[in-house]
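Biologist: I want to learn how to read ring pairs, salt bridges and pockets. Please take me through one example.

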Amino acid sequence: MGRCRAFKYVSRTLVAAALYLLGSSGMASEPGDTTLFRLTGSNTIGADLAPAQVKSYLRSIGATKIAQRSEGEQHWITATLQGKPVVVPIIALGSSTGFKALNENSADIGMASRRIKPAEIAMLKRFGDFTGPQAEHVIGLDALVVAVHAHNPVSQLSLDQLARIYRGDIRNWAQLGGPDLPIRPLHRDIESGTRATFDSEVFDASRPTEAFAYEVSGNHETRALVQRDPAAIGYLPYADAEGLRKVAVKAGELAAIVPDRGIIATEDFPLTRRLYLYRNPGRYNAHVDAFIHFVESHAGQQIVADVGFINLTPVALQVPAYANAPDNYRELMETGSRLSISFRFADGSTELDNRALRDLHRLQDFMAQEENHDLSLTLVGFSDYKANRNISDLISRFRALKVQGALLREHQMGDSRIMSVGAFAPLTGDSEQSPIKNSRVEVWIN
């Protein structure tokens, strides 16, 4: 690490520590204020989304005089509830800090723009299972947008090219058909969930920043540098990328894609990520439970969309038919609409993941709407198993049947049909991510 970057890292770490201690000690709130609950973690969530959700939640339970005060990455939402002053502090210093705060009992909710890591699961295991539905809550979707300067003609990059840029194997834009300029890669700090998502998807594992990569403190700095520096390339959340020159990203054999709301909603874009709230499953706090329930409700999901992220409320999408698709699937694509729900499985297993368990309810609510009563439902299963076509078809059919069974057993939704397409249309060729991403069940209506 160079001297400037090292100084920048140490300085930011000291500031973060000071803010963290300030927030956990309660010194930042007014004397006599009652703390309802505390949020710590992701800057992506904590900058705008969490304050908006907290204020709306407080309004929903009858609070008045709601106000926000902010200092850097820390926010205090104050209000009057039942005649008494209350406060909800939000510390947004990176996803990793949320899990550390849960471990130290200085937060009630951890905000994360990536899934909890095995080491964090082990650290918190004394409280219970942080991978279970009581602890882990998916509250929305985001995608990392790769952006360059407005005058940079490079319009498309593969995941492999991105990896080579950030490793230093490609160092000049001329190697990619661009201007003769040294590439300036912008990388988030190691505590960042945005950084963790990028490393996982591009490198298939976390790796340290190379000496030539410029470490930025947050998404706003990335945006400013990309706008100002013709040599820069950076990644930032979808909600922060408005107006920037976006680069189409190509994964494996799939076409290069510039993300839009539809393809992020289905989680088909290679740099899509989930936004999480984590609560301690071994402790009960009525306001924590009520707040998370509010965020997952229709009203809370509308706030997710209003802030600029992609919510989890099902919507119908028109998807162009693939010319090489199996006949039955191509016919479905030509005549039907795809819902933005895609059911996935826990770590590639046979059990539905935590988002899928809540999506069962969302699908039930969608089909119960009066205008949707006459729609027919088709569940299309996909497999990651490519070695044997017969086995692949069986696995994809089993996954669709698993979702159909859950809809019938728990939601009294028996009117659906099954389609299996084997290992067709893999979303990624990456060996570690493919069981989770490729093994899925799409939902179609017509």
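Modeller: We will go through the rings, then the charges, then a pocket.

Modeller: This is a predicted model, where local features need pLDDT of at least 70, side-chain atom pairs count only at pLDDT 80 or more, and totals for chains, interfaces and linings use all residues. Residues are numbered from 1 along each chain as its sequence is written, and side-chain values use heavy atoms, with hydrogens and water left out.

Biologist: How many aromatic pairs are there?

Modeller: A pair of aromatic rings is described by the distance of the centres and the angle of the planes. Rings of Phe, Tyr and Trp (its six-membered ring) pair if their centres lie within 6.5 Å; planes under 30 degrees apart are stacked, over 60 edge-to-face, and the rest tilted. The count here is 14. In one of them, F198 and Y235 are stacked, with 4.1 Å between centres and 10 degrees between planes. Both residues, F198 and Y235, are buried (under 20% relative accessible area; exposed is over 50%, partly exposed in between; 1.4 Å probe, protein chains only).

Biologist: What is the geometry of Y329 and F382?

Modeller: Y329 and F382 are edge-to-face, at 5.8 Å centre to centre and 80 degrees between the planes. Y329 is buried, and F382 is too. Ring pairs also join Y322, Y329, F382, F424 and W444 into a cluster. R440 lies over the face of F382, 3.9 Å from the ring centre (CZ of Arg or NZ of Lys within 6 Å of the centre and within 35 degrees of the ring normal).

Biologist: How many salt bridges does the search find?

Modeller: A salt bridge is a side-chain nitrogen of Lys or Arg within 4 Å of a carboxyl oxygen of Asp or Glu. The whole structure has 23. R338 and E442 form one, at 3.4 Å from N to O. R338 is buried at 3% relative accessible area, and E442 is buried at 2%. K402 and E351 also form a salt bridge, with the closest N and O atoms 3.4 Å apart. K402 is partly exposed at 26%, as is E351 at 44%.

Biologist: Which residues lie nearest the centre of the second largest pocket?

Modeller: Rolling a probe the size of a water molecule over the atoms shows where empty space is left. A pocket is an open set of points on a 1 Å grid over the protein atoms alone, where a 1.4 Å probe fits, with protein on both sides within 12 Å along at least five of seven lines; lining residues have an atom within 4 Å of a point. L254, I257, D268, Y322 and L427 lie nearest the centre, among 29 lining residues.
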